[in-house]
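Reader: I would like to learn how to read the packing in a model like this one. Where do we begin?

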Amino acid sequence: MIVVTGATGNVGRPLVQALAAAGEQVTAVSRRPADATLPDGVRHHRADLADAESLRTALDGADALFLLLSGELLTGGESPAALVDVARSAGVRQVVLLSSQILGTRPVPPSHARLGAFEQAVRESGLDWTILRPSGFHSNAFAWAEPVRTGGTVPAPFGDVALPTVDPADLAAVAAVVLRGDGHHGRTYVLTGPAPVSPREQAAALGEATGAPLAFVELSREAARAHLLAFMPEHVADGTLDILGAPTDAERQVSPDVERLLGRPAGTFADWARRNAAAFHRTSPAE
Ligand SMILES: NC(=O)c1ccc[n+]([C@@H]2O[C@H](COP(=O)([O-])OP(=O)(O)OC[C@H]3O[C@@H](n4cnc5c(N)ncnc54)[C@H](OP(=O)(O)O)[C@@H]3O)[C@@H](O)[C@H]2O)c1
């Protein structure tokens, strides 16, 4: 049995679907109840990763754990070792950690220090481990859904800084390959999209996907920071803006790992925008 944490999110949801479609027994974990999109036969278990013990019953009888860490765990809360200990003591043999590309591209910034500690705990766990280090997700564009729907604008900083963002569905597909296949123990994979894309280009792709051109509105770093502070602590907002505004050469580079593991090219932002266009459709003034 495979336990998938973050099971109702951008990566976890398609991962649960892929594993269930492949005939695996799956337990889906999130804090809130799952909605009707959970495939038939998949068990849902409510647990809060901030309390490692709440995961214990979900892990009963599990062979493998896909570990996706929520924002709170990356800023404090349960210790990495405690979460890994619960998995090991429940009899789990394999863990796949969703980490971040940043761990390998620059001196670890304070925003990613906890993630580094989770990587270390997983590597030292004695379990069969694999670490996935993705670039930024295509799905971060959901943050623009409201301004697109209501005003036809895409507000973002660093409009012309292009990064190879990745499709979370590809991360799910890679995780499924790793969880179901052999030869991934002790491996760290860097997972990016197929080409760098800037926020301005993403806005153009979203306009094409929704059938109406969108206005790109370049935000100052300060304005973007004020917006991010509504969702994250200061050091995480600052770390995020540092990466978006001044990426290293390694962060601009396309990694071959998605294509190598899936046997097909990674999905473009334009593909993602077409698949998710419904979330961005304009509301008319009368609505
Ligand atoms: N977004 C990026 O650009 C990026 C880049 C690199 C790495 N990552 C990594 O990707 C992960 C986040 O991806 P995302 O932003 O796309 O997430 P997301 O899709 O919004 O998914 C979050 C999922 O985790 C669950 N969850 C949240 N807090 C939880 C908790 N305390 N206990 C149990 N379940 C919890 C949520 O369900 P409930 O709310 O119902 O619990 C949901 O299923 C993080 O680990 C982050 O480090 C993201």
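Author: Begin with a definition. A crossing is right-handed if the near helix is turned clockwise from the far one by less than a right angle, and left-handed if anticlockwise. Keep in mind that this model is predicted.

Reader: Which hand does the crossing of helix 4 and helix 5 have?

Author: The crossing of helix 4 with helix 5 is right-handed.

Reader: What is the angle between helix 4 and helix 5, and how far apart are their axes?

Author: The general idea comes first. Two packed helices are described by the angle between their axes and by the distance between the axes. Here, helix 4 (residues 80–89) packs with helix 5 (residues 113–123) at about 35°. Their axes are 9 Å apart.

Reader: Which residues of helix 4 and helix 5 meet?

Author: Helix 4 brings Pro80, Ala81, Leu83 and Val84. They meet Arg114, Ala117, Phe118, Ala121 and Val122 of helix 5. By class, the contact has eight nonpolar residues, one charged and no polar.

Reader: How many bridges join strand 4 to strand 5?

Author: Five bridges join strand 4 (residues 64–68) to strand 5 (residues 94–98). Leu68 stands opposite Leu98 of strand 5.

Reader: Last, the rings. How many aromatic pairs are there?

Author: A pair of aromatic rings is described by the distance of the centres and the angle of the planes. The count here is four aromatic pairs. One of them, Phe142 with Trp272, has 4.9 Å centre to centre and 65° between the planes. Planes over 60 degrees apart count as edge-to-face, and this pair is edge-to-face.

Reader: Which parts does the pair of Phe142 and Trp272 tie together?

Author: Phe142 lies in the loop between strand 6 and helix 6 (145–151), and Trp272 in helix 13 (residues 269–275), so the pair ties together parts that are 130 residues apart in sequence.

Reader: Is Trp272 buried or exposed?

Author: Trp272 is buried, at 2% relative accessible area. Phe142 is partly exposed, at 31%. Phe142 and Trp272 belong to one aromatic cluster with Phe269 and Phe280.

Conventions. Residues are numbered from 1 along each chain as its sequence is written. This is a predicted model: local features need pLDDT of at least 70, side-chain atom pairs count only at pLDDT 80 or more; totals for chains, interfaces and linings use all residues. Side-chain values use heavy atoms; hydrogens and water are left out. Axes are lines fitted to C-alpha atoms, for helices over the stretch in contact, and angles run from 0 to 180 degrees between N-to-C directions. Helices (H or I, at least four residues) and strands (E, at least two) are DSSP runs, numbered from the N terminus. Contact means heavy atoms within 4.5 Å. Ala, Val, Leu, Ile, Met, Phe, Trp, Tyr, Cys and Pro count as nonpolar, Asp, Glu, Lys and Arg as charged, and the others, Gly among them, as polar. Two strands pair if DSSP finds at least two bridges between them. Rings of Phe, Tyr and Trp (its six-membered ring) pair if their centres lie within 6.5 Å; planes under 30 degrees apart count as stacked, over 60 as edge-to-face and the rest as tilted. Buried means under 20% relative accessible area, exposed over 50%, partly exposed in between (1.4 Å probe, protein chains only).
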